[in-house]
Amino acid sequence: MKWISVILLIFLPFTGCARVQTGLNRTERLLIGTEQEVEIGKSVAKNVEEKYKILNDPAIISYINEVGQQVAAKSFRQDVKYHFKVLDDENINALACPGGFIYIFGGALAAMENEAQLAFVLGHEIAHVSARHSAKKIQKVLGVTLLARLILKEDDETLCQIVNLATNLLFLGYSRRDEFEADELGVYFVHEANYDPQGGIEFFEILKKIQKREPSRIEVLFSSHPSSSDRINQIRGQIERLPKKEGLEIGENRFREMTRGLRGRYQKGSER
Ligand SMILES: [Zn+2]
C-alpha cells in the first residue's frame, strides 16, 4: 500500500490526474476525480436526507431548480449535474455536498425577499462545488494513502470513512477563506446569469437582522467565521469592479408568488 502511495505521489503530476479549474483564475491538480467525488457526494446527500425531511412541493421544487440551473449554467464547472432540493426545516441554511447535490432550507427561503437573493445563495453553494472545496478538504485531511485506496477501489470501508468525514465537514462548515471565495464566485455566476448581485448584500443584511433577534435560527453555514458585515464589504467591493449591465433581474413579484405558501409554513421567517 505504501509503495502504491509513493508511486502515485511521484507520477500523479505527469499522469491521469488532470488539472482542473478551482477558481476564476486558478487551476489545481486533484487526486479525487469527478466520478469519485460524485460517488462520495451521493452518500453524503443520503446522510443529509436521513437527517432532514425533504419538502415535497412540486411547484417550489421546479422553481428552485429553474433558478439554480440558470446560475449553474454560468459555473466554470460543467462536469457534474447540479441537483437542488428544499429541506423542510425552519432554520436558515443551505448545504452543498460534493458532486453537485445542493440543499436549501425552507427557513432560508422564507426569510428572502426576491429571486436575486435566492440566486445568490444558490450561486454560493454552486461555487463550493465548482471550487471543489470539499474534495480539496477531504484530500488534505485523508492524505495520499487513504485516497490511493479509494482510487484503486480497494475497499468499501475506506469509502465509508471518507463519506463520514465529508458529512462531518459539511455540517461543520467551510473555512473562512472558502466562504469568501464562494461568495465571490457566487456573485460572479449570478451576474453572468443576469441577476442583480445586490441580492448577495441584501441577503446578508437580512441575516444580520435575524441574527440579532433569533441567533439560534442561523445555522453553522451562515453564522460561521466571516461575519455578515465582512461578507457584505467584500461583495460591495466586487460589485464596484464588475462590468456594468443593464436590466439585471431582481424578480421580487415572481419570488413572492412562488414562495407564498412557504412563508406561512415557517412563519417566523416572514416576521420582519
Ligand atoms: Zn458556504
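Predicted model: local features only at pLDDT ≥ 70, side-chain atom pairs only at ≥ 80, totals over all residues.
Visitor: What about contacts between residues at least 6 apart in sequence? How many of them join residues at least 24 apart?
Guide: That share is 76%.

Visitor: Now a single residue. Why does Val86 count as buried?
Guide: Buried means under 20% relative accessible area. Val86 has 1% relative accessibility, so it counts as buried. You'll find Val86 in strand S3, residues 83-87.

Visitor: Which residues does Val86 touch?
Guide: Leaving aside residues up to four places away in sequence, Val86 touches Lys53, Ile54, Leu55, Ile60, Ile64, Ile104, Gly106 and Leu109. Contact here means heavy atoms within 4.5 Å. Take Ile64: Val86 and Ile64 are 22 residues apart in sequence, with 8.1 Å from C-alpha to C-alpha.

Visitor: How do you know that both faces of strand S4 are covered?
Guide: Look at S4, residues 94-97, one side at a time. Ala94 and Ala96 are on one side, Leu95 and Cys97 on the other, and all are buried. In general, side chains in a regular strand alternate between the two faces of the sheet.

Visitor: And what makes S4 and S5 a pair?
Guide: Pairing takes at least two bridges between the strands. Four bridges join S4 to S5, residues 101-105, so they pair, and the two run antiparallel. Ala94 stands opposite Ile104 in S5. That Ile104 is also one of the residues Val86 touches.

Visitor: What is found between S4 and S5 in the hairpin?
Guide: There are three residues between the strands, and in this hairpin Gly99 takes a positive phi near 85°.

Visitor: On to helices. How do H8 and H11 pack?
Guide: Two packed helices are described by the angle between their axes and the distance between the axes. For H8 (residues 176-192) and H11 (residues 228-241), the angle is about 40° and the axes are 10 Å apart. H8 passes H11 in a right-handed crossing.

Visitor: Which residues meet there?
Guide: From H8 come Arg176, Glu179, Phe180, Asp183, Glu184, Val187 and Tyr188; from H11, Asp230, Arg231, Gln234, Ile235, Gln238 and Ile239. They divide into five nonpolar, two polar and six charged.

Technical notes. Residues numbered from 1 in each chain as written. Heavy atoms only, no water. Axes fitted to C-alpha atoms, helices over the stretch in contact; angles between N-to-C directions. Left-handed = near helix turned anticlockwise from the far one by under 90°. Nonpolar A, V, L, I, M, F, W, Y, C, P; charged D, E, K, R; others polar. Buried < 20%, exposed > 50% of the residue type's maximum accessible area, 1.4 Å probe, protein only.
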